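This report looks at one protein chain, from a single side chain out to the whole fold. Please keep the structure open while reading.

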Amino acid sequence: MTDRTTDGEDTSNPSLVLSYWYNLDRGWQALYLGLLITIIVLIIQFTNLY
Amino acid sequence: MTISNVMRTQVPGLALLSIGALIAYLISGAVDSLQPLVVSVILGFVIGNLFGIPDIAGPGVNSHKLFLETGIVLLGAAVAIGELISAGPTVLGLIVLTVGGGVLLLEGLARGLFRIDNEMSSLLAAGASICGVSAVVAIGRVLDARGATLTFAAATILIFDAITLVVFPIAGEWLNLSARQFGVWAGVSMFSTGPVAAAGFSHSPEAGQWATVTKLARNSLLGGVAVAYSVVYTTKSRGNVGVSKLWKEFPKFLLGFVLVAVIANSGLLSTTAISLLNQISDVLFALAFVGLGLSIRVREMRRVGSAPIIVVLLHLLVVSVLTLLIIQITL
């Protein structure tokens with residue numbers, strides 16, 4: 001069954017990741033985002049990409 | 001929540017923030033002594049007050065708070081525990097004294113004498129006592145301060161950054177301070193890291209090194225002061241709260257700040273990587289400051305008045321004179 005909002009948008013297949021993200025407290029979002037950036041910088045450092 | 005939904009709601013606002021930050025970087029790159037953060041907030045302020053925020057851009061612009069908090073998490077990479085230890089016990093004692101005493105002095109003056117509201121007092125106390133605008137932003141997020149308060153506090157600190165950058169080197173010359181004395185004095189009295197280093201190196205390379213080491217050591221106390229503010233404000237607003245309540249209200253991004261500081265000081269990150277994290281943090285702050293500027297209205301600024309400037313001036317005079325006396329006796 002397909003769920004549609006009043007303006008016709010299909011909402012039957014929401015992204016689980018996005019739903020999880022938007023339900024998080026902003027402090028946790030910032031913590032995860034900051035750590036993700038740090039890990040990416042670490043990977044860049046160890047692979048000599050920068 | 002679908003990807004197309006997120007794209008439609010977030011992208012216009014994010015594009016507005018990005019274009020604002022890009023223009024701010026271009027302008028500050030072209031004009032010496034203009035900081036990107038100042039230009040970002042002014043640009044946002046002008047656009048917001050002249051044209052308002054288009055409805056379509058609202059949700060994206062609102063994400064500036066997330067950029068602020070993420071920028072603070074990455075600020076942890078600038079914490080230098082090694083510098084803190086290498087500063088030596090006398091300088092360390094002076095740093096703890098100026099940060100602790102400075103916060104209490106400014107809070108006391110602002111709330112007791114000038115009847116400035118609690119949020120503004122705390123932001124000014126953090127900015128003047130720890131590390132300038134970064135501390136204002138960090139404590140502002142901890143207290144969930146209003147945009148206008150945050151911007152006015154940051155602007156006040158930036159005004160004093162400009163003044164002290166000129167006055168301190170002249171005073172150092174006039175007082176005939178040694179390189180170490182001047183460097184430590186600038187490191188414990190001035191506000192933001194950039195102007196402290198600039199003032200130190202304008203005296204001599206040795207003074208520049210002392211100023212930078214002292215200032216970085218002082219910046220390292222930001223996490224502790226932020227946690228203390230979080231606990232004090234939560235306890236005050238909710239009465240006698242338990243640990244679980246404190247944890248619920250605790251700004252979790254501070255944990256990220258501590259984690260990144262631990263990673264940066266563990267030796268895992270190279271100097272280049274730390275510098276890259278600092279640059280990313282600056283970009284996030286620039287995006288966030290465009291958003292802050294966009295959300296401030298002129299009428300809110302008018303309510304603040306000139307009292308914060310007078311309070312910070314008094315604080316600066318007391319702290320710089322007292323630390324100068326202690327430095328001349330002990331160093």
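Which backbone oxygen lies 2.9 Å from a polar atom of the side chain of Ser189(B)? The backbone oxygen of Trp185(B) does. The model is predicted.

Ser189(B) sits in helix H10 of chain B, which covers residues 179–189. Its relative accessibility is 1%. The cut-off for buried is under 20%, so Ser189(B) counts as buried.

The side chain of Ser189(B) has a further polar partner. A polar contact of 3.2 Å links it to the side chain of Thr323(B). Leaving aside residues up to four places away in sequence, Ser189(B) touches Phe168(B), Arg218(B), Leu316(B), Val319(B), Ser320(B) and Thr323(B).

## Arg180(B) in helix H10

Helix H10 also holds Arg180(B). Here the relative accessible area is 32%, so Arg180(B) is partly exposed. Ser189(B), in contrast, is buried at 1%.

Arg180(B) touches Trp210(B) and Leu331(B), again not counting residues up to four places away in sequence. The C-alpha atoms of Arg180(B) and Ile3(B) are 57 Å apart. Along the chain, 177 residues separate the two.

## Ser270(B) in a loop

Ser270(B) lies between two helices of chain B. The loop that holds Ser270(B) runs between helix H15 (253–265) and helix H16 (271–294). Ser270(B) has 27% relative accessibility, so it counts as partly exposed.

Ser202(B) is 68 residues from Ser270(B) along the chain. Their C-alpha atoms are separated by 28 Å.

## The fold of chain B

What secondary structure does chain B have? It has 18 helices and zero strands. Among contacts between residues at least 6 apart in sequence, 79% join residues at least 24 apart.

Chain B has a radius of gyration of 20 Å. A compact globule of 331 residues would come near 20 Å, so the value agrees. The C-alpha trace spans about 65 × 55 × 45 Å along its principal axes.

## Burial, surface and charge

Of the 331 residues of chain B, 52% count as buried. Ser189(B) is one of the buried residues. The accessible surface of chain B is about 14,200 Å². Carbon and sulfur atoms account for 69% of that surface.

Chain B carries 18 positive and 14 negative charges. Their mean positions are 11 Å apart.

Definitions and conventions. Residues are numbered from 1 along each chain as its sequence is written. Chains are lettered from A and ligands numbered from 1 in the order in which they are written. This is a predicted model: local features need pLDDT of at least 70, side-chain atom pairs count only at pLDDT 80 or more; totals for chains, interfaces and linings use all residues. Side-chain values use heavy atoms; hydrogens and water are left out. Helices (H or I, at least four residues) and strands (E, at least two) are DSSP runs, numbered from the N terminus. Buried means under 20% relative accessible area, exposed over 50%, partly exposed in between (1.4 Å probe, protein chains only). A polar contact is a pair of N or O atoms within 3.5 Å; within protein, one must be able to donate a hydrogen and the other to accept it, and residues adjacent in sequence count only if both atoms are side-chain atoms. Contact means heavy atoms within 4.5 Å. The radius of gyration is taken over C-alpha atoms; the globule rule is 2.2 Å times the number of residues to the power 0.38. Accessible areas come from the Shrake-Rupley method with a 1.4 Å probe; for residues, only the protein chains shown count as cover. Lys and Arg count as positive and Asp and Glu as negative; His and the chain ends are not counted. The place of a charge is taken as NZ of Lys, CZ of Arg, CG of Asp or CD of Glu.
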